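Here are my notes for someone opening this one for the first time. Have the sequence and the model side by side as you go through the points.

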Amino acid sequence: MASVKQFQVTFDCAEPERVARFWCEVLGYVVPPPPEGFASWSDYNRTLLPEEQDASFVCSDPTGVGPRMYFQRVPEGKVVKNRVHLCVRAGTGLVGDERLATLQAEAERLIELGAVRQRVMLADGVNESCIVMQDIEGNEFCLD
């Protein structure tokens, strides 16, 4: 049997640190400490070549369970629907009105951080409710 592999989720974006810090708030992730010898990521960033400054940023699950997230600057903007998106499990184990209320409260919290609510998909007898959102650079994700 094949062994389970660790993986990283990579986002192409215009402003890696800004998007990474947004996702830290969404997921409860943290920014790792800067490299040894630097008091902050800003201090480290200033030592890089101009074209490398602000080119990437990371965040990770403080418990070590979830995947590391890597954000890299790309020159092109998002043009069409992203082909992969995250489903943020904000309503795990909940059903019906309780689930929907929990998802709506989480959506409101994320809207305060700059997210955009796209649509609410109500339970249909087969699937429970979820809310389709966009992050601060327009990447689609769901509150599930």
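How many aromatic pairs does the structure hold?

1. Rings to begin with. What you have here is a predicted model, and it holds 7 aromatic pairs. Take Phe22 and Trp23: their ring centres sit 5.6 Å apart with the planes at 90°, so this pair counts as edge-to-face. Phe22 and Trp23 are both buried.

2. Trp23 turns up in another pair, this time with Phe141. The centres of these two rings are 4.9 Å apart and the planes make an angle of 70°, so the pair is again edge-to-face. Trp23 and Phe141 are both buried.3. Phe11, Phe22, Trp23, Phe71 and Phe141 are linked into a cluster by ring pairs. If you want to explore from Trp23, look beyond its neighbours within four places in sequence: Trp23 is in contact with Phe11, Gly28, Met69, Phe71, Leu86, Val88, Asp135 and Phe141.

3. Next, the core. The largest nonpolar core has 24 residues, and those that touch the most other members are Trp23, Met69, Phe71, Met133, Phe141 and Leu143. Helix 1 contributes the most, with 6 residues. As background, nonpolar side chains in soluble globular proteins tend to be buried together.

4. The largest pocket has a volume of about 510 Å³. Its lining counts 24 residues, and Phe11, Asp12, Lys78, Asn82 and Asn139 are the closest to the centre. Strand 1 and strand 7 each bring at least two residues to this lining, and strand 1 gives the most, with 5 residues. What classes of residue make up the lining of the largest pocket? There are 12 nonpolar, 5 polar and 7 charged residues.

5. Of the 14 residues in its lining, Trp41, Tyr44, Asn45, Ser56 and Phe57 are the closest to the centre. Helix 1, helix 2 and strand 2 each supply at least two lining residues, and helix 2 has the largest share, with 4 residues. By class, this lining divides into 8 nonpolar, 3 polar and 3 charged residues.

6. Asp54 is not a glycine, yet it has a positive phi of about 60°. Where does Asp54 sit? Its place is in the loop between helix 2 (41-45) and strand 2 (56-59). Asp54 is partly exposed, with a relative accessible area of 44%.

How values were computed:
Residues numbered from 1 in each chain as written. Predicted model: local features only at pLDDT ≥ 70, side-chain atom pairs only at ≥ 80, totals over all residues. Heavy atoms only, no water. Buried < 20%, exposed > 50% of the residue type's maximum accessible area, 1.4 Å probe, protein only. Core = buried A, V, L, I, M, F, W, Y, C linked by side-chain atoms within 4.5 Å. Contact = heavy atoms within 4.5 Å. Phe/Tyr/Trp six-rings, centres within 6.5 Å; stacked < 30°, edge-to-face > 60°. 1 Å grid on protein atoms, 1.4 Å probe; cavity = no way out; pocket = protein on both sides within 12 Å on 5 of 7 lines; lining within 4 Å. Points joined across faces, edges and corners; volume = space filled by probe spheres on them. Nonpolar A, V, L, I, M, F, W, Y, C, P; charged D, E, K, R; others polar.
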